[in-house]
Amino acid sequence: MVKRLALLFLAWLCFGGLTYASEIELNGRFWGRGAIDLHHDNPFEDQRIDHEKLRLEAKASPREYLDLKASIELDRLAYYGNDNGREETRVFLWETYLRLVKDAWEITVGNQLIRWGKVDELTILDNLTWQDLRELFTLRLEERQHPWPWFRIQYFGENVNLEGVFTLWPLWPKRDDFDSDWAVFDHLRKKLAADPVFSSLSLKVDKSEPSPSLRNAEWGFRISGTLGEIDWEVSYLYAHDRSFYYYVKSFPIKGFRLNTPSDPIKDLKAQFSNLSITGDTAYISYPRDNILGFAFETTYNDIGIRGEFAYHTDRVFLKKNLEATRKAYWRYVIGLDYRFENGFYLNLQFLQQRVLGWSEDILFDPKLDSYIFMRLSKSFLEDYLEVRLDGTYGITTRGYFLNPEIAYKISDDVEFFAGLHLIDGPQGSFFDVYDANDQVYLGLEINF
Amino acid sequence: MRKTTFLLFLIKAHLTLQSLIARQRSRRSSITFLSLRGGPQDRRSDPTGYYVRRINLMGLLRSARNDRKEARNDRKEARNDSPKIIIFLVLSIIIATKALALTGEDIAWKVYNRPQGKDSQAESIMILKKARGKEKVREMRIFTREDKKARYTLMRFLSPKDIAGTAFLSISYHNGKEKQFLYLPALKRTRRIAGSFKFHRFVNSEFLYEDLDRRYPPKYHHELLKEEIYNGTPCYVVKTKPKKKKYSSYGYWIQWVTKDGFLPIRIDIYDRKGKLFKRFTAQKWEKIQGYWTIFESKMENLKKKRETIIKIEKIVYDQGLAPEIFTKRRLERW
C-alpha cells in the first residue's frame, strides 16, 4: 500500500511535470509471444502460453538539470492446458523517475532500470532489477527485467565514479508457486489431488513477505573507473536473496528426500512409509544476502572481453528435503565476443561457482559447478533477417538449454520472431525438472 | 625534410659559385703579380738593375702573354662551365620544386588535420536506400570536439523508434589510438566496440564502423597518383593502402582530395581482390564559419546496388561545447 502510494505520488509528479514540458517525447512498445508445448506427456502441463506486454512512455527534459520520465506497462500472461487455463493481467508503473543533474552529481528517484555488471546473459552482479521468472529463463534477460524504485545518487569524478543506491522496498524475483510448467512446485497440487494415495494431501505456501521499511531496506554502492583500456567496477549490495529458489523454512512433509525432481510423486510413493506429514503449508521467508562484486570490460586484439566476480555471504540453496539452507558462495564469469568478417557474431561466456561449506543434501547445485553460454548470430537479406542460437550447457551437471531463433523485420519498427526452447538434463538435475517443457514459439514486437 | 634538402642544394650551389668566382679572382691577381715582379735571382746577378728591368719587362711580357693565354683558357673554361652551371641551377630549381611539392603522405596528414572547428553540433539525416527502392530514414544529432589530446565524436540516433537513443562515442587520440563505445537503450548498457566490429556496417548503413575512424596516416601507404579537376574542383588523387590487414577490411582506396581545404570529395574503395565495390562521393560542400563542410554525401555499394545518403540539415561550429558531452555518462543519459 505504501509502495503504491509512493509510486502514485511520483507518477503524479512526473506526469504532472511532463505537462509543463515544452517538448515531450512519446514512445510505445508492444511485445507478444505465443508458445506451444512440443510434448503432450503430462495431463496437467500447459499446452499453450501467451504473453503480451504493452508499454507507453513519455519523457522530457524541461530544464537542463532535470529529466522526467513516466511510463506504464500492461502485462498479460495466460496458460492453457487440458483443464482450466488461467490468466494474470497487471498494470504497473514502468520507468517513472525524476533525475536532477548538477555538475558532477546526479540524483535519480523513482522506478528505474539500473544495471550493474558488464557481462551479458550470465551476469551475476546485475541485481538491482526485479526479475519476472514466471517463464523462468525462456525470456531473455532484458525481457524479464523490470524497473524497481530506487534512490540513486552518483558522483562522476575525473578518474573515478561513485554511486549509491537505496530502496525501502525489498526485492526478490517473481515466480509462480503452483499450476504452471515453470512454477516452483510445478503442477504438484493437481498431481497430488489426482493421485489415489495422496489425494487428501494438499499443499499451500505461506510467504512472510517483508514490508517496506527501514529495517527491510536494501542499499549498495559502486565505485567504477577506467584504467588504461580497462573499465572496472567494484560493488557491494546488501539485499534480499536473489536466487530463484524459495527459502523454505519449513516443509510440511518430513522424512522426505527428493531424488527425482521431475517426478516427486514417484519419490513420495517410494518413501511413503518414512514420511511424516505435519501440515499442508510450506513456510517461505526472504533472508538477506551480502554481495561483493568486481567487474571489468576491455578489448584485446579485436576481441571484447568482460568479466564479473561475486561473493555471497548467505545464498539460498534448496535441500533434498525441500527445505532451504544458506551458504557462502562465490562465482565468476568470463565472457568474450567477436564479430567475424563474414558477419557471424559469437559471444562466449564461462561461469563457475562454488558453494562453501557444501553438503551432500543440497539439491541441484554441486560443490563446484560450471556452465558455458554461447550466442551465435548472423544477419541476412540486408540485415532484415537475423538467425540466432543461444545455448547454455552445464559442464558439471550435463544439462543444457538451447534457444534457436529467427527474427525478421518487415519494417524498422515491426519484427516477427520464432524459435524453439529445448531443455534436457540427467535425472536429478535442475534442467531435468523442465525437460518436458520443450516448446515452439512465435512472437511480434512493434515500436511506436 | 623536403625544405632541408632544398636548403642544402642552395648552399652547395652557392659554394660552387663562390669557388668559381674565387678561381677567377685568383687568376686575375696572379696575372697582376706576375706582371709587376721578377724573381730574386735576377736582382743579385744584375747590380745595374738593367737585367732586372729587362727581365721584369720580359717577365711582364711573358706574364702578359701567359695571362692572355690563361685568360683565353679561363674564358674557354668558363664557356665550358657555363652550361654546366646553368644545368646545375635548373636542376636545383627542379629538385627544389619537387621538394616543396606535396606527397601522398603529406596530403593524408593534411586531410587528417583538416580544421573542423574546436567543436560542432549538427542535425543530420541518414537515408538508407535498398536495391528495390525501399528507403529507411534515420535522424541523428552529431557532436564533435577537439582538444590537445583527441578528437571526440558523439552520434545520437533520434529515430526510428527501434534505435532511438542508441548512441556512438568515438575518441580518436592524436597518437593514432582510437576508442569507440556504443550505448544501447534496450540494454541500458554502454559497450566498448572491439576491433572486430569495425569491419561491420554501422546501423545497417553502407558505412562501416571503420569508415567513422579518422584513419591515422602512419598506418597506411599513401601514393599521390596525379592531380586532376574533378567536377570543376582541382584535386589531388591519392591511393591509400593499409600497411596491415587488421587496419582495414578494404584492399585499398583512391581518394580525390580538394586542393583548397583538403576535403575528400570522392573515394573509390577496392576490396582485397582489387575490385571496386564501394564509392563515397560528396554531393554538396561549402565553407561554414570558415570550415569546409560536406553537407551531403553518399556511400554506394556498387555490387549490391545500395546506397546511404547523409545530409546535414543544420550545423554550428565553435559554440564552446562542454567536454562532459563526450563521456559515457552522457551516452547513458537518455
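Tutor: Let us begin with chain B: of its contacts between residues at least 6 apart in sequence, 46% join residues at least 24 apart. Here, two residues are in contact if their C-beta atoms, placed from the backbone, lie within 7 Å. This is a predicted model, in which local features need pLDDT of at least 70 and side-chain atom pairs count only at pLDDT 80 or more, while totals for chains, interfaces and linings use all residues. Residues are numbered from 1 along each chain as its sequence is written, and chains are lettered from A in the order in which they are written.

Chain B also meets its neighbour: 20 residues of chain B are in contact with 21 residues of chain A.

Now for the close look, at strand S6 of chain A, residues 105-112. Strands are DSSP runs (E, at least two residues), numbered from the N terminus, and two of them pair if DSSP finds at least two bridges between them. S6(A) pairs with strand S5 of chain A, residues 96-102, in the antiparallel sense, over seven bridges. Within this pairing, A:Gly110 in S6(A) stands opposite A:Tyr97. The hairpin of S5(A) and S6(A) has two residues between the strands, and A:Asp103 takes a positive phi there, near 55 degrees.

S6(A) has another partner too: eight bridges join S6(A) to strand S9 of chain A, residues 148-156, and these two run antiparallel. Look for A:Val109, whose bridge partner in S9(A) is A:Phe151.

Conventions:
Helix = DSSP H or I, 4+ residues; strand = E, 2+ residues; numbered from the N terminus.
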